[in-house]
Amino acid sequence: MDASVSSELQPAARPGTARRLATTAVLLGLVVSAFEATVVTSAMPTLTRELGGQHLYSWVFSSYLFASTIGVLLFGKLADHLGRKPVFSAGMGLFLLGSVLCGVAHSVPALIAFRVVQGLGAGALQPTTMTISADLYTLRERAAVQGLFTGAWGAANVIGPLIGGWLVMHASWRWAFLVNVPVGLLALVMLHASYRDPARSSARVDVWGPALTGASLGLLLFALERGGASSLRFSFALVACVGLVAVVRQQRSSPSPLMPLPLLRDRTVLCGVLGGLLAGGLLYTTIALVPLWMTEHGDHSPLMSGLALVPLLGGWAFGSTFGVRVFLRGGLRASAGGGFAISLLGACLLALGVSLDWGTAAVFVSLGLMGLGLGPAASTSLIGPQTRAPWHHRGMVTSSIYATRMLGGSFTLAALELVPGGFPVRFALIAALAGIAALGLALFAPGRVVTEAEASP
């Protein structure tokens with residue numbers, strides 16, 4: 001693969017007021033999606049109990065993550081062909097529609113269905129915001145502006161659980177969904193006023209690849225559903241495997257694959273995909289299980305359950321701020337491999353704290369360590385492949401990494417639901433996953449990145 005990276009700033013918005021306004025718009029889009037993931041988490045134990053669907057708890061998360069994965073796969077490709085602005089607008093529209101529907105839901109099955117709508121919108125928003133930021137800034141500039149993005153993302157994540165817990169205690173869990181609407185509308189207005197799409201490809205968009213991939217992975221996810229008939233689950237798994245084989249064959253002949261094979265032959269891109277998958281598995285399972293453990297084990301309030309996520313998400317934001325600098329000096333081996341090693345330490349302490357009942361303070365410290373490691377691991381697993389892809393594949397690469405991150409979360413959470421033994425065993429398995437991530441990236445990730453200046457002729 002050609003390692004060169006475009007060193008020219010794309011004409012999405014010239015430096016100055018327009019670029020600052022466009023940056024603010026995508027920041028708000030990023031904040032809305034990040035805020036949703038955490039403000040709802042602290043409200044989830046209460047709302048599933050009020051709606052009488054505690055047995056479907058994991059599916060409220062898994063449906064959202066899975067729909068986001070499909071949205072990422074589809075809309076990430078459309079962003080390269082139709083333009084970033086229309087895809088951002090469509091994604092925000094779906095996301096806000098889903099948020100309103102979730103806010104008025106009267107049963108957990110209905111909530112799960114509306115979370116699918118919301119997740120499809122989030123799947124369009126998340127990679128598109130990062131792709132737009134990559135259009136606005138060069139790699140060297142992104143190393144500096146990364147602190148702004150991770151700071152905004154971190155602030156939304158830190159404040160989200162607290163606001164979610166407060167809303168549950170003093171208003172209604174429904175507002176955990178409805179608060180997204182005004183912020184999302186403001187982001188739409190600002191982006192349309194400032195951002196101009198660069199020239200884009202006129203090639204045909206392949207929708208069969210994302211559709212076939214989504215159907216196959218959906219069947220595989222249903223096969224992990226606890227409580228169903230064994231024969232039916234086996235049938236789902238068998239059909240899913242056949243579908244995934246068909247996906248591989250279809251992608252080889254597709255004129256517009258989900259990710260071109262030359263990109264997957266690049267170690268940085270391949271390890272970025274692996275890092276995204278494992279980081280998503282660690283992040284989303286921890287975010288889902290910690291509030292539930294807090295409410296069931298210690299009878300904590302929703303506010304306290306939300307507060308427990310602050311060290312994890314705050315550590316993620318802080319770790320991301322220096323992750324890019326570590327990546328520029330030592331490649332993915334240092335940034336992602338080292339980050340996963342730190343998260344392994346935190347995950348082991350969390351598993352021991354839950355098993356031996358060390359108390360809330362020990363759990364908070366262990367979650368902070370996990371976040372401190374996951375921040376650089378996840379952020380550079382995305383930025384690394386972006387540096388190796390040409391501009392016309394940048395949206396495709398960004399969407400693929402985001403898809404693997406959410407796919408890792410949905411499948412890991414569904415798989416943990418099948419494991420007997422309660423919370424101690426589940427947190428121990430999360431620690432084992434962190435160990436696999438640390439070892440894998442330390443052994444296989446490249447130790448050096450080709451920067452724009454070095455790649456320029």
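Helices H11 and H16 are roughly antiparallel to each other, a term applied to angles over 145 degrees. The model is predicted: local features require pLDDT of at least 70, side-chain atom pairs count only at pLDDT 80 or more, and totals for chains, interfaces and linings use all residues. Residues are numbered from 1 along each chain as its sequence is written, and side-chain values use heavy atoms, leaving out hydrogens and water.

The two helix pairs are listed below; axes are lines fitted to C-alpha atoms over the stretch in contact, with angles from 0 to 180 degrees between N-to-C directions, and helices are DSSP runs (H or I, at least four residues) numbered from the N terminus.

| Pair | Axis angle | Axis distance |
|---|---|---|
| H11 (residues 267-297) and H16 (residues 422-444) | roughly 160° | within 10 Å |
| H3 (residues 84-103) and H4 (residues 108-136) | about 150° | 7 Å |

The crossing of H11 and H16 is left-handed, meaning that the near helix is turned anticlockwise from the far one by less than a right angle. Their contact comprises 16 nonpolar, four polar and three charged residues. H3 and H4 are also roughly antiparallel, and H3 crosses H4 in a left-handed manner. The contact of H3 with H4 has 16 nonpolar, eight polar and three charged residues.

The largest nonpolar core has 119 residues; such a core joins buried Ala, Val, Leu, Ile, Met, Phe, Trp, Tyr and Cys residues through side-chain atoms within 4.5 Å, buried being under 20% relative accessible area with a 1.4 Å probe, protein chains only. Leu 47, Leu 283, Phe 340, Leu 374 and Phe 427 touch the most other members, and H11 gives the most to this core, with 15 residues.

Note on methods:
Helix = DSSP H or I, 4+ residues; strand = E, 2+ residues; numbered from the N terminus. Parallel < 35°, antiparallel > 145°, perpendicular 65-115°, else oblique. Nonpolar A, V, L, I, M, F, W, Y, C, P; charged D, E, K, R; others polar. Buried < 20%, exposed > 50% of the residue type's maximum accessible area, 1.4 Å probe, protein only.
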